[in-house]
Amino acid sequence: MIEFEGLLGLALLGFWLWALLDCIVSPPKLVWLLLIVLLWVIGATAWVFLGRRPRAQRQSRSPDRDGARRPVRADDLPPAAPAADVGAMTDARSAELDRRIEEWEAQQAAAPDGRGDAGPDEEKWS
């Protein structure tokens, strides 16, 4: 068998590996695969010139390559969930909490000792 050394051998090995992988990812062709493996560079060269389908007939490896690409805009995103579903503060809930805070502050100010109405935790420790 002919031995190749140096850059030529490395280039031929790279070409052979590329042809082998290209044959593997193409539709199943067992005979071509055996030819590439057994005949080394001659089999790889035969694959390139005789076995490969023309570029126009090859399928793209990714479905994304076929469609036009464009940036994603805010209009493309799905609509956000309603505010009530994610527990967001509504105006009515905010007004109710403000009213309860004002009532609690009024109770604190009206208490003679300044403590006002003790909460449930404070009653245990008094």
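Biologist: Start with Glu103. Does Glu103 count as buried, partly exposed or exposed, and at what relative accessibility?
Modeller: Glu103 counts as partly exposed, at 41% relative accessibility. Keep in mind that this is a predicted model.

Biologist: Which residue does Glu103 form a salt bridge with?
Modeller: With Arg99. The closest N and O atoms are 2.3 Å apart. Both residues lie in helix 3, four residues apart, or about one turn of the helix.

Biologist: How far apart are Arg99 and Glu96 in helix 3?
Modeller: Three residues, which is about one helical turn. In general, an α-helix has 3.6 residues a turn, so residues three or four places apart point the same way.

Biologist: And how accessible are those two, Arg99 and Glu96?
Modeller: Arg99 is partly exposed, with a relative accessible area of 38%. Glu96 is partly exposed as well, at 28%.

Biologist: How many salt bridges does the count come to?
Modeller: Three. Another of them pairs Asp22 with Arg52, with the closest N and O atoms 2.6 Å apart.

Biologist: Where do Asp22 and Arg52 lie?
Modeller: Asp22 lies in helix 1, residues 6–25. Arg52 is in the loop between helix 2 (30–51) and helix 3 (91–110). The pair therefore ties together parts that are 30 residues apart in sequence.

Biologist: Buried or exposed, that Asp22?
Modeller: Buried, with a relative accessible area of 9%. Arg52 is partly exposed, at 23%.

Biologist: Switching to rings. How many aromatic pairs does the structure hold?
Modeller: Two. In one, the ring centres of Phe15 and Trp18 are 6.3 Å apart and the planes are at 25°, so the pair is stacked.

Biologist: Which residues form the aromatic pair that is edge-to-face?
Modeller: Trp32 and Trp47. Their rings are 5.7 Å centre to centre, with 65° between the planes. Trp47 is buried, at 1% relative accessibility.

Biologist: Which residues in helix 2 are buried?
Modeller: Trp32 and Trp47 are among them.

Biologist: What about the end C-alpha atoms of helix 2, how far apart are they?
Modeller: Only 12 Å, although helix 2 has 22 residues. A straight helix would reach 32 Å at 1.5 Å a residue.

Biologist: Where is the kink in helix 2 centred?
Modeller: On Trp40. The kink is about 145°.

Biologist: And what is the phi of Trp40?
Modeller: Positive, about 50°, although Trp40 is not a glycine. In general, most residues other than glycine have a negative phi. Trp40 is partly exposed, with a relative accessible area of 23%.

Biologist: Now the surface. Which residues form a nonpolar patch there?
Modeller: Leu30, Val31, Leu34, Leu35, Val37, Leu38, Leu39 and Ile42. Together they have about 810 Å² of accessible area. Take Val37, which lies in helix 2. Val37 is partly exposed, at 44% relative accessibility.

Definitions and conventions. Residues numbered from 1 in each chain as written. Predicted model: local features only at pLDDT ≥ 70, side-chain atom pairs only at ≥ 80, totals over all residues. Heavy atoms only, no water. Salt bridge = Lys/Arg side-chain N within 4 Å of Asp/Glu carboxyl O. Helix = DSSP H or I, 4+ residues; strand = E, 2+ residues; numbered from the N terminus. Buried < 20%, exposed > 50% of the residue type's maximum accessible area, 1.4 Å probe, protein only. Patch = residues over 30% accessible without salt bridge, like charges linked within 9 Å, V, L, I, M, F, W, Y side chains within 5 Å. Areas by Shrake-Rupley, 256 points an atom, 1.4 Å probe, with all protein chains shown as cover. Phe/Tyr/Trp six-rings, centres within 6.5 Å; stacked < 30°, edge-to-face > 60°. Expected span 1.5 Å × (residues − 1). Bend = angle between axes of the 7 residues up to and from the residue.
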